Structures are given as C-alpha cells and as structure tokens.
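Okay, thanks for coming, everyone. I'd like to walk you through one model today, going residue by residue and then helix by helix.

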Amino acid sequence: MGAGDLRIAILMGLLVGVGFAFPAWMLCYLIGSILGIIILLQARLKKSRETGLETQVPFGPFIASGYLCVLFFYPQISSFIAWYF
C-alpha cells in the first residue's frame with residue numbers, strides 16, 4: 001500500500017463516513033488477499049520469474065471495489081458482521 005492508496009482511502013473514508021469505513025476496509029483486504037494468492041499460485045504453477053514474488057499489484061482498485069460493495073450491499077454486510085461477531 002503506497003502513498004497514493006492512502007490518499008484514496010482517506011478520501012473514500014471522508015465521503016462515506018466512519019460507519020462504512022470498517023466494513024469497506026475488511027472487504028478491500030479480503031478481495032486483495034484472495035486475488036494476490038491467486039496471482040502467486042499462478043506464478044508458482046508457471047514457474048516464471050516475471051510473475052513471481054516481484055509482481056506488484058496496485059491496491060487502488062481493491063479500495064474502490066470494497067467501498068462500492070459496501071455502498072451497494074451495506075445491509076447484507078452489516079447483518080453478516082453482526083451474525084458473525
């Protein structure tokens with residue numbers, strides 16, 4: 001996560017509010033980690049040096065996708081969080 005990603009996250013947090021920020025960040029990291037694991041597994045299967053651990057994936061799209069998911073599906077996400085915790 002770079003400085004640009006931090007700026008995007010602060011702007012999104014200011015736009016949607018504190019109540020949306022925590023579930024949005026949970027989704028950002030969940031989506032990013034799942035896709036990161038998939039990328040690493042593909043690199044291991046191909047055994048390519050170009051797509052190995054040196055691959056950098058921008059985090060901005062994951063931030064945006066997490067916040068969009070929370071904006072559109074907040075009631076379902078909040079009920080799931082309340083049920084789980």
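Let's start with glycine 66, which touches Ala24, Leu27 and Cys28, leaving aside residues up to four places away in sequence; contact here means heavy atoms within 4.5 Å. Before I go on, this is a predicted model, where local features need pLDDT of at least 70 and side-chain atom pairs count only at pLDDT 80 or more, while totals for chains, interfaces and linings use all residues. Residues are numbered from 1 along each chain as its sequence is written, and side-chain values use heavy atoms, with hydrogens and water left out.

So, is glycine 66 buried or exposed? Glycine 66 is buried, because its relative accessible area is 0%. For the cut-offs, buried means under 20% relative accessible area, exposed is over 50%, and partly exposed is in between, using a 1.4 Å probe and protein chains only. Glycine 66 sits in helix α3; helices are DSSP runs of H or I with at least four residues, strands are E runs of at least two, and both are numbered from the N terminus. From glycine 66 to phenylalanine 80 is 14 residues in sequence and 15 Å in space, C-alpha to C-alpha.

Now α3 itself. This helix covers residues 60–84, which is 25 residues, but its end C-alpha atoms are only 27 Å apart, short of the 36 Å a straight helix would reach at 1.5 Å a residue. That expected span is 1.5 Å times one less than the number of residues. Where does α3 bend? At phenylalanine 73, by about 95°, and proline 75 follows within four residues. The bend is the angle between axes fitted to the seven residues ending at a position and the seven starting there.

The buried residues of α3 are Gly60, Phe62, Ile63, Gly66, Tyr67, Val70, Ile77 and Ile81. What covers them includes α1 (3–16) and α2.

Take α1 first. The axes of α1 and α3 come within 9 Å and cross at roughly 15°. That is why α1 counts as roughly parallel to α3. On the terms, axes are lines fitted to C-alpha atoms, for helices over the stretch in contact, with angles from 0 to 180 degrees between N-to-C directions. Under 35 degrees is roughly parallel, over 145 roughly antiparallel, 65 to 115 roughly perpendicular, and the rest oblique. On the α1 side the contacts come from Asp5, Ile8, Ala9, Met12, Gly13 and Val16, and they meet Gly60, Ile63, Ala64, Tyr67 and Leu71 of α3.

Then there's α2. Its axis lies 7 Å from that of α3, at an angle of about 115°, and this crossing is right-handed too. The α2 residues that meet α3 include Phe20, Trp25, Met26, Ile31 and Leu35, and among their α3 counterparts are Ser65, Cys69, Val70 and Tyr74.

Buried in α2 are Ala21, Pro23, Ala24, Leu27, Cys28, Gly32 and Ala43, and the buried residues of α2 pack against α3. Just past the end of α2, lysine 47 takes a positive phi of about 55°.

Glycine 32 counts as buried because its relative accessibility is 14%, and its C-alpha is 9.9 Å from that of glycine 60, 28 residues along the chain. Leucine 40, at 40%, is therefore partly exposed. Phenylalanine 22 is at 54%, so that one counts as exposed, and its C-alpha is 9.9 Å from that of tyrosine 67, 45 residues apart in sequence.

How values were computed. A crossing is left-handed if the near helix is turned anticlockwise from the far one by less than a right angle, and right-handed if clockwise.
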